[in-house]
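Dear colleague,

Please find the structure below, followed by a short account of what was found in it.

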Amino acid sequence: MKLKSLFLYVFILFFINSCQFNQLSVDISKKDLFSISFVNAVPDTFEKKLKFVFNSNSKIDTQAKISIQEYIFKNYDIFGGPALRSLEGELNLKINIEISTENKKIIKKLATYKRYKSNELNPFAQEQMIKALESEMQNELIKQIIFEVNAFEM
């Protein structure tokens with residue numbers, strides 16, 4: 001029994017080694033090689049976050065470009081039951097990005113969705129909650145953009 005399990009372990013290790021299984025390594029230092037452009041609809045907070053992540057204030061002349069072509073933030077109210085007010089709200093944040101170099105170009109649509117309870121009695125508190133959720137959604141989209149840029153570089 002021990003011989004069979006030992007043989008099985010050796011066979012699995014040999015199989016994993018022979019198929020070139022290895023961990024994906026991402027070089028974060030290459031993020032400085034991209035220039036970023038925005039359309040007018042992109043809010044300043046999102047621009048500042050992206051410029052901070054990609055160090056777009058650097059003076060390096062780059063051929064690689066990231067272009068945010070569309071920014072759509074929508075709030076939908078979901079009604080249900082006997083109440084006259086909405087019970088929940090859904091926030092949608094969608095962007096279109098274009099990542100391009102001299103010989104390669106990719107266009108992606110990225111989106112994120114959040115739901116929140118809209119039974120807040122204070123409308124100002126609800127507005128602040130929506131702003132905080134929008135900021136959180138922007139951070140999620142920045143993570144998706146970083147993932148797409150790293151996948152583009154491979």
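In what order do the 4 strands form the open sheet, and is the pairing parallel, antiparallel or mixed? The order is β1-β2-β3-β4, and the pairing is mixed; two strands pair if DSSP finds at least two bridges between them. Helices (H or I, at least four residues) and strands (E, at least two) are DSSP runs, numbered from the N terminus.

This is a predicted model, in which local features need pLDDT of at least 70, side-chain atom pairs count only at pLDDT 80 or more, and totals for chains, interfaces and linings use all residues. Residues are numbered from 1 along each chain as its sequence is written, and side-chain values use heavy atoms, with hydrogens and water left out.

The edge strands, each pairing on one side only, are β1 (34–38) and β4 (105–117). β1 pairs with β2 (residues 64–78) in the parallel sense over 5 bridges, and Ser35 stands opposite Lys65 in β2.

Two helices meet this sheet. α2 touches β1, β2 and β3 (88–100), where contact means heavy atoms within 4.5 Å. α3 lies across β1, β2, β3 and β4, at about 150 degrees to β4; angles run from 0 to 180 degrees between N-to-C directions, and axes are lines fitted to C-alpha atoms, for helices over the stretch in contact.

α2 (residues 44–54) and α3 (residues 123–153) also pack against each other at about 35 degrees, with axes 11 Å apart. Residues making this contact include Phe46 and Leu50 of α2 and Ile142 and Ile145 of α3.

Yours sincerely
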